[in-house]
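Keep the viewer open and click along.

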Amino acid sequence: MTTIARIALGKNGPLVSKLGLGCMRMSSVWGSPVQDEGESIATIQMALDNGINFLNTGDFYGSGHNELLVGKAIKGRRDDAFISVKFGAIFHGGQWLGLDLRPIAIKNFINYSLVRLGVETIDLYQPCRLDNSVPLEDVIGTVADLIKEGKVRYLGVSEINAEQLRKVHRIHPVTALEIGYSLAERGIEKDLLPTAKELGVGIVAFANTAEGLLTGEMKAPLAVNAYQNHFPRFQGENLIKNLEKVEVLKKMAKGKGYTPTQLAIAWVNAQGNDIMPLVSMSRRSRLPENIQAMEIVFTPEERNTLNTNFSPGSIAGGTYLQR
Ligand SMILES: NC(=O)c1ccc[n+]([C@@H]2O[C@H](COP(=O)([O-])OP(=O)(O)OC[C@H]3O[C@@H](n4cnc5c(N)ncnc54)[C@H](OP(=O)(O)O)[C@@H]3O)[C@@H](O)[C@H]2O)c1
């Protein structure tokens, strides 16, 4: 299999794999089914065996189930993994209820996370979102205190805007920004991406397949029980138009001898050495395909075709990730 390169996460930051493993979909989030636990653990271990050390989880993914899985997978091999954890989201019955970013809550969250993961330190710790319920200084200051205590190594942020990123970075250096980014979701290119680059913040880019749109496997209309039906992007005329755009990706993939998903990951990967594609995989069979995507190189013509066809804003309708 392709050797996975290492990159510095942020300016002078820790070395991590250029491809990250998103663990979220192994657990039940937003009411989705829990995947086979043995297969999920085997997937994490196979990723580690193949040099993917960046593992992404959140304490609210499956109400702690996801951290328990990661903990089982890394048992006895802690040093092979770089663990990224999000905190602050309150879920009940599969429903998002809001955020709890109070310092007292964060200090409580981390202790539970450390026990579930079976580790003494979390490598990257980040509020999953920010709001105005708690002063920013208190939220970030609490993570800075955890870094001093040795419970956390680096500060990350997730799904914030350029202005918030600057504010957080002034309080404590930010190592990484976790953000949705794909051919179908290029909103960050205007302000957020240049700001992150200027500040030396690494980009952990998720939703590379845009909720499956770019896999080339979707057909209109979606199955009635598909969770994507909630998002305007996957409804009626929007979906038909968006799938026409995906035909360009499918054609290019066929011509190059790869799958559309591989090209979607490769496009994110090609956006810079400071950008990590973070890809969900809950079965081992995904790994060879997605690892191979990291070797794909686009010609200038191919880049131009993709950038033009998927120009910012060209995909009709939003998702919950729309900023
Ligand atoms: N910060 C945030 O707000 C936030 C939000 C969402 C996600 N995340 C993180 O980012 C990670 C990735 O995000 P995501 O799950 O939204 O997007 P994604 O990586 O695009 O994954 C979406 C789906 O694509 C499937 N897939 C993977 N490889 C494939 C392939 N080669 N062919 C066809 N399908 C393939 C996966 O299926 P299987 O599960 O069946 O393998 C997964 O369910 C998550 O695991 C999570 O850790 C963060």
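This is a predicted model: local features need pLDDT of at least 70, side-chain atom pairs count only at pLDDT 80 or more; totals for chains, interfaces and linings use all residues.

Take I171, which sits in helix 5 (residues 162-171). Is I171 buried or partly exposed? It has 16 other C-beta atoms within 10 Å, so I171 is partly exposed. Setting aside neighbours within four places in sequence, I171 is in contact with L136, E137, I140 and G141. Y125 is 46 residues from I171 in sequence, and the two C-alpha atoms are 15 Å apart.

Now hop over to V16, in strand 2 (residues 15-17). V16 has 26 C-beta neighbours inside 10 Å and therefore counts as buried. Beyond its neighbours within four places in sequence, V16 is in contact with R6, I7, L9, N53, F54, F82 and M276. From V16 to N269 it's 253 residues along the sequence but 14 Å in space, C-alpha to C-alpha.

**The core and helix 8**

In soluble globular proteins, nonpolar side chains tend to be buried together. Here, the largest nonpolar core has 88 residues, and L177, A205 and M276 have the most contacts inside it. Which helix gives the most to this core? That's helix 8 (residues 260-269), with six residues. As for L177, it touches V157, L165, A196, V201, I203 and V204, if you don't count residues up to four places away in sequence.

Ten of its ten residues are buried, so helix 8 is largely enclosed by the rest of the structure. Among those buried residues are P260, Q262, W267 and N269. What covers the buried residues of helix 8? The cover includes strand 11 (202-206), helix 7 (236-256), strand 12, helix 9 and helix 10 (300-309).

**How the helices pack**

Two packed helices are described by the angle between their axes and the distance between the axes. For helix 7 and helix 8, the axes come within 8 Å and cross at roughly 100 degrees. Angles of 65 to 115 degrees count as roughly perpendicular, so helix 7 and helix 8 are roughly perpendicular to each other. The contact is made by V246, L249, K250, M252 and A253 of helix 7, with P260, Q262, L263 and A264 on the helix 8 side. By type, the residues of this contact between helix 7 and helix 8 split into seven nonpolar, one polar and one charged.

Another pair to look at is helix 2 (residues 65-74) and helix 3 (residues 103-117), which pack at an angle of about 40 degrees with their axes 7 Å apart. That angle makes helix 2 oblique to helix 3. From helix 2, E67, L68, V70 and G71 meet S113, R116 and L117 in helix 3. The residues of the contact of helix 2 with helix 3 divide into three nonpolar, two polar and two charged.

**Around the ligand**

Which of the 25 residues around the ligand come nearest? Those are G22, M24, F206, T209 and S280. Strand 12 (275-280) and helix 9 (286-292) are the elements that give two or more residues to the shell around the ligand. The residues of that shell come out as eight nonpolar, eleven polar and six charged.

Most residues other than glycine have a negative phi, and most peptide bonds are trans. The loop between strand 11 and helix 7 holds A210, E211 and P221, and each comes with an exception:

| Site | Feature | Value |
|---|---|---|
| A210 | positive phi | about 55 degrees |
| E211 | positive phi | about 55 degrees |
| A220 to P221 | cis peptide bond | omega near -10 degrees |

Are A210 and E211 buried or exposed? A210 counts as buried because it has 25 C-beta neighbours inside 10 Å. E211 has 21 C-beta neighbours inside 10 Å, so it counts as buried too.

Technical notes:
Residues are numbered from 1 along each chain as its sequence is written. A nonpolar core is a set of buried Ala, Val, Leu, Ile, Met, Phe, Trp, Tyr and Cys residues joined through C-beta atoms within 7 Å. A residue is buried if 20 or more other C-beta atoms lie within 10 Å of its own, exposed if 12 or fewer, and partly exposed in between; C-beta atoms are placed from the backbone. Helices (H or I, at least four residues) and strands (E, at least two) are DSSP runs, numbered from the N terminus. Two residues are in contact if their C-beta atoms, placed from the backbone, lie within 7 Å. A residue is near a molecule or strand if its C-beta atom, placed from the backbone, lies within 6 Å of it. Ala, Val, Leu, Ile, Met, Phe, Trp, Tyr, Cys and Pro count as nonpolar, Asp, Glu, Lys and Arg as charged, and the others, Gly among them, as polar. Axes are lines fitted to C-alpha atoms, for helices over the stretch in contact, and angles run from 0 to 180 degrees between N-to-C directions. Angles under 35 degrees count as roughly parallel, over 145 as roughly antiparallel, 65 to 115 as roughly perpendicular and the rest as oblique.
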